[in-house]
Amino acid sequence: MNLILSAPALNVFEQMALDEEIVRARPDALTLRFYRWTDGPAVTFGYAQFISEVRRALQTRAAGPYARRPTGGGLVFHGEDLTFSFVFPSRERPADIYKKFHSLVHAELARLGEKGRVFDAKLPAGAYAPSVGHTASACFSNPVENDLLAENGEKILGGALRRFGSAVLYQGSLQTPGARTNPVYKNAVIAAVRNYFAADLRPQGADGELLERARRQARERYASAAWTEKF
C-alpha cells in the first residue's frame with residue numbers, strides 16, 4: 001500500500017531517525033512524508049561532511065540544533081521550508097531519480113502558475129546533485145544540476161538520496177516564501193510523486209511502535225556525539 005504518512009511534530013534528530021525507520025519498515029512500498037517540526041529553526045547536513053567544517057559554517061548564522069542526515073548533500077537550514085521525504089523501491093541511478101523527480105515538481109508548479117526552471121549545469125557522468133564530499137557547503141547557496149530554481153534564479157528545491165539495499169530514501173527541502181503554509185507547494189510535491197510512480201497515495205498516521213523506534217534511535221544514535229562527529 002502506498003502512503004502519505006503523517007507524524008506528530010518532531011525535532012531534527014527524530015526526523016532523521018523516522019526516515020530511516022520508514023526505510024526499514026516499508027522498503028518495498030512507496031511512502032511520502034511531510035515533516036512537522038517542533039518550534040524553532042534547525043539544520044541538517046550531509047552524511048559525509050566533516051563536523052569541523054559544519055561548525056565553522058554555522059558560526060556566522062544562528063541555526064538551532066543540527067543533525068547529520070543519513071543521506072548526502074550540503075547544509076540545509078530548516079526554518080520556513082517545506083521539508084519532506086519519500087521511500088520507494090528502485091534500481092534507478094540516483095542521478096536519474098533526481099532529474100526525473102525535480103522535473104515533475106517543476107512541471108506541476110508551472111501548471112499552477114509558478115515560474116522557474118530546472119538548473120542544467122553539467123556534472124561528470126554518473127554523478128548527481130548532492131555529491132559535495134566532506135565540505136560544509138550551504139546547499140541552497142550554490143545550485144547544481146537538476147536543482148529547481150525560481151524565476152529570479154534562486155534555488156528553491158534541493159534533495160539528497162541514499163540507497164538501502166533495494167530501497168531508496170529521498171530527503172528534500174522546498175524553500176520559497178509560503179512553502180509551508182501555501183498548499184500549492186505541498187500539492188505539487190504530492191502530484192509529482194504520484195506521477196513519478198503512477199500510484200495513488202493513501203493518507204495514514206504513523207503508528208505508535210514506529211514512532212517509538214524512531215525516538216529511541218534519535219536519542220541513541222542521531223543525537224549522539226558518535227554520529228554527529230562521525231567525520
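Helices (H or I, at least four residues) and strands (E, at least two) are DSSP runs, numbered from the N terminus. Two strands pair if DSSP finds at least two bridges between them.

**Set up the view**

This is a predicted model: local features need pLDDT of at least 70, side-chain atom pairs count only at pLDDT 80 or more, and totals for chains, interfaces and linings use all residues. Residues are numbered from 1 along each chain as its sequence is written, and side-chain values use heavy atoms, with hydrogens and water left out.

Colour by pLDDT, the predictor's confidence in each residue, from 0 to 100. The protein chain has a mean of 90, and 90% of its residues reach 70 or more. Then select residues 123-129, where the pLDDT is below 50. Beyond near neighbours in sequence, this stretch has 14 contacts in the model (contact means heavy atoms within 4.5 Å). Where pLDDT is low, the predicted coordinates should not be read in detail.

**Stop 1: the eight-stranded sheet**

Show the strands as cartoon. Eight of them form an open sheet with mixed pairing, in the order S7-S8-S9-S10-S6-S2-S1-S11. Strand S7 (116-118) and strand S11 (202-205) stand at the edges. Each has a single partner strand, so one side of each is left without a neighbour in the sheet. On average, neighbouring strands here are turned by 20 degrees against each other, direction ignored. Axes are lines fitted to C-alpha atoms, for helices over the stretch in contact, and angles run from 0 to 180 degrees between N-to-C directions.

**Stop 2**

Select residues 148-150, strand S8, and residues 155-164, strand S9. Two bridges join S8 to S9, and the two run antiparallel. Leu 149 has Lys 155 in S9 as its bridge partner. Four residues lie between the strands of this hairpin, where Gly 153 takes a positive phi near 95 degrees.

How many of the ten residues of S9 are buried? Eight are, and the strand is mostly covered. Buried means under 20% relative accessible area, exposed over 50%, partly exposed in between (1.4 Å probe, protein chains only).

Move on to S10. S9 and S10 pair in the antiparallel sense over eight bridges. Gly 159 has Gly 172 in S10 as its bridge partner. The hairpin of S9 and S10 has two residues between the strands, and Gly 165 takes a positive phi near 65 degrees.

**Stop 3**

Select strand S6 (residues 82-89) with strand S10 (residues 167-174). They also pair in the antiparallel sense, over eight bridges. Phe 88 stands opposite Val 168 in S10.

Pick Pro 89, in strand S6. Pro 89 is partly exposed, with a relative accessible area of 39%. Not counting residues up to four places away in sequence, Pro 89 touches Pro 27, Asp 28, Ala 29, Ser 166 and Ala 167.

**Stop 2**

Rings of Phe, Tyr and Trp (its six-membered ring) pair if their centres lie within 6.5 Å; planes under 30 degrees apart count as stacked, over 60 as edge-to-face and the rest as tilted. The count comes to 16 aromatic pairs.

Zoom in on Phe 101 and Tyr 170. Their ring centres are 5.1 Å apart and the planes stand at 70 degrees, so the pair is edge-to-face. Phe 101 belongs to helix H3 (residues 94-111) and Tyr 170 to strand S10, 69 residues apart. Buried or exposed? Phe 101 is buried, at a relative accessible area of 1%, and Tyr 170 is buried at 0%.

Next, Lys 100. Its charged end sits over the ring of Tyr 196, 4.4 Å from the centre. The rule: NZ of Lys or CZ of Arg is within 6 Å of the ring centre and within 35 degrees of the ring normal. Arg 61 has its charged end over the ring of Phe 77, 3.7 Å from the centre.

**Stop 3: the three-stranded sheet**

Three strands form an open sheet of mixed pairing in the order S4-S3-S5. Strand S4 (66-68) and strand S5 (76-78) are the edge strands, each pairing on one side only. Neighbouring strands are turned by 25 degrees against each other on average, direction ignored.

Select strand S3 (residues 42-45): three bridges join S3 to S5, running antiparallel. Thr 44 has Val 76 in S5 as its bridge partner. Finish on helix H1 (residues 12-25), which packs on the sheet and touches S3 and S4. The direction of H1 makes about 25 degrees with that of S4.
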